[in-house]
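Please work through each one with the sequence and the model at hand.

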Amino acid sequence: MSNDPLLQPFRLKHLTLKNRIMITSHEPAYPEDGMPKERYRAYHVERAKAGVALTMTAGSASVARDSPPVFNNILAWKDEVVGWMKQLVDECHDHGAAVMIQLTHLGRRTRWDKADWLPVVAPSHEREAAHRAFPKRLEDWDIARIIEDFADAAERMKAAGVDGIELEAYGHLLEQFWSPLTNDLEAPWGGSLDNRLRFTFDVLRAIRQRCGEEFIVGLRYTGDQDLPGGMTKAEGMEVSQKLKASGLVDFLNVVKGHIDTDPGLTDLIPIQGMRSAPHLDFAGEIRAATNFPTFHAARIPDVATARHAIASGKLDMVGMTRAHMADPHLVRKVIEGREDDIRPCVGANYCLDRIYQGGMAFCLHNAATGREETMPQTIPAAPSRKRITIVGAGPAGMEAARVAAERGHEVTVFEAADQPGGQICLTALQERRREMISIIDWRMAQCEKRGVRFHFNTFADAGAVLATRPDEVIVATGGLPHTDVLVEGNDLVHSAWDILSGDVKPGTNVLIFDDAGDHAALQAADVISATGAAVEIVTPDRSFSPEIMAMNLVPYMRALQGRNTTFTVTWRLMSVVREGNQLRATLGSDYGGVRRDRLVDQVIVNHGTRPLDELYFELKPQSSNLGEVDYDALTTGGRQEVTRNPEGRFRLFRIGDAVAARNTHAAIYDALRLVKDL
């Protein structure tokens with residue numbers, strides 16, 4: 001048996017977990033009609049096949065009608081959930097993985113205008129900033145019914161064969177009772193700590209009465225709200241001891257912080273540029289004080305950190321949830337001694353930010369995650385070897401090269417720059433986002449292992465491409481910034497890329513016009529404002545940086561609000577003219593009828609990119625498919641069979657920003673779903 005601390009079994013009550021690595025409860029927003037159907041099951045089974053000991057499903061499965069999901073959660077209050085969960089559980093069990101599910105009532109952490117339009121309920125009328133709903137203060141009959149709802153949902157899960165359940169407390173109704181900030185009820189439900197805990201213990205007792213003493217029940221909760229007026233660390237420690245002493249729970253899943261605001265959520269679930277495992281020591285303190293099974297997850301992105309968490313005795317089970325979105329085969333690679341092949345989580349948080357905006361969780365650089373029904377996590381070998389030539393070594397080109405090489409093809413890559421990376425090289429120049437370069441580094445290492453030939457510092461023309469005698473040509477040349485958006489003065493502005501690359505020195509009084517809403521504008525603002533310059537970010541949108549999304553916005557705001565930075569929404573840059581040694585920037589409005597001027601010394605425009613597509617159009621007439629893509633085949637996982645020019649010597653495709661300005665995930669997905677069948 002291995003001596004690796006991560007690979008040692010752990011006994012939890014009657015359940016033996018085969019190693020110490022788990023996926024904590026999270027909701028990737030894959031349910032259909034509130035049920036964990038095929039997509040949901042395939043996602044968890046993929047990770048079970050690869051050796052994870054415990055996969056926890058359903059972050060925040062709803063136990064009641066008046067806890068309507070805000071990001072497509074599982075509806076555990078419906079009887080039909082039993083059959084769907086049983087299929088998932090049985091298939092994961094077939095691969096040796098235990099399965100649990102998290103149950104909750106969201107309380108005020110939802111909206112009244114969802115689902116059945118029932119009032120949001122909480123132990124006070126205090127609104128949660130994140131979801132904005134003013135709650136009804138709970139009545140006695142609400143409390144009685146919700147206790148029954150929890151017990152009913154737990155009974156359904158036991159019938160489905162899950163190995164246990166976890167109740168979600170932090171931020172949700174259970175903790176809303178615990179915290180003085182959100183509970184102004186009178187006794188017996190409010191006031192003293194014991195009164196504030198009464199609802200939780202009544203829920204636990206009801207579950208035990210229905211499901212028995214042997215059924216595994218845990219709690220995920222905060223041991224310190226880290227919020228003025230909220231639950232303190234001392235009170236959290238007391239709660240931990242009371243939970244253990246009750247005999248009603250079998251494990252503690254500990255977090256630290258609060259999630260009622262975007263900054264609070266981001267501190268509790270940190271993203272790239274923030275410290276790894278910031279709450280691990282705190283969880284270790286809880287375990288040391290209680291001597292009770294303790295689980296924890298919060299930015300534990302790599303195996304070394306996870307191994308330390310177990311070896312040091314801080315945790316019994318370590319959660320690597322986002323890491324398993326990046327690489328579902330993480331455990332298998334640890335077992336096989338292939339840790340250097342693990343696709344790293346870069347903390348980009350595209351997964352969580354998407355669900356908080358109502359989308360499905362997708363990993364920024366693993367496009368197969370959440371698409372396991374149609375996209376392979378392990379690339380199959382091709383039936384015959386082809387020569388595949390790729391132009392461009394940004395994320396799209398590098399993914400195309402990796403997948404083609406894993407298929408067993410002979411792969412040649414041309415890149416005009418002296419290194420791979422494309423736009424990611426610019427992104428990673430900023431210290432806070434330097435982890436992004438791992439998206440490229442991992443692919444480069446995989447390509448080198450498989451003999452991909454790279455030609456850097458090579459601006460490939462049609463002749464160079466044809467000289468490789470390709471069967472398939474993939475143009476992944478990306479794009480260049482588009483700044484020609486003004487009525488007058490386009491020659492007087494610079495792009496955000498100019499600032500990020502260092503090609504243009506920041507001014508001292510700068511206007512940034514952001515009509516794309518992505519990272520480039522705020523990264524440029526960060527660079528410029530750090531010099532002490534005054535910066536105004538202007539956007540025609542009604543909110544700024546909508547493509548960045550909530551949690552990724554937090555570090556930018558913490559930096560920019562501490563500097564001389566202004567945010568101006570609903571105004572559009574119309575023109576720029578020179579006025580002495582300054583620039584007069586004229587703003588207009590899509591709402592009409594108004595204009596304002598700004599005197600500045602520099603104007604930066606962020607308006608996305610336009611494709612570098614000259615090579616594609618030069619090669620197109622010589623290709624057998626004339627560049628055409630069968631979209632039905634592309635979107636359903638089928639093969640490309642289009643032939644429009646039988647005399648053509650190769651097929652031609654273009655991907656990523658060489659088609660249109662999008663994002664890193666789109667570029668990688670383009671490559672994966674095309675090349676997996678070439």
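**Exercise 1.** Describe how the axes of helix α2 (residues 81–94) and helix α3 (residues 140–160) are arranged.

Solution. The two axes come within 8 Å and cross at roughly 45 degrees; axes are lines fitted to C-alpha atoms, for helices over the stretch in contact, and angles run from 0 to 180 degrees between N-to-C directions. Angles under 35 degrees count as roughly parallel, over 145 as roughly antiparallel, 65 to 115 as roughly perpendicular and the rest as oblique. α2 is therefore oblique to α3. In contact (heavy atoms within 4.5 Å), Val81, Val82, Met85, Lys86 and Val89 of α2 meet Arg156, Met157, Ala159 and Ala160 of α3.

The model is predicted: local features need pLDDT of at least 70, side-chain atom pairs count only at pLDDT 80 or more, and totals for chains, interfaces and linings use all residues. Residues are numbered from 1 along each chain as its sequence is written, and side-chain values use heavy atoms, with hydrogens and water left out.

**Exercise 2.** Determine how many disulfides the whole structure holds.

Solution. A disulfide is a pair of cysteine sulfur atoms within 2.5 Å. The search finds 0. Cys363 is in no disulfide, the nearest cysteine sulfur, that of Cys351, being 6.7 Å away.

Definitions and conventions:
Helices (H or I, at least four residues) and strands (E, at least two) are DSSP runs, numbered from the N terminus.
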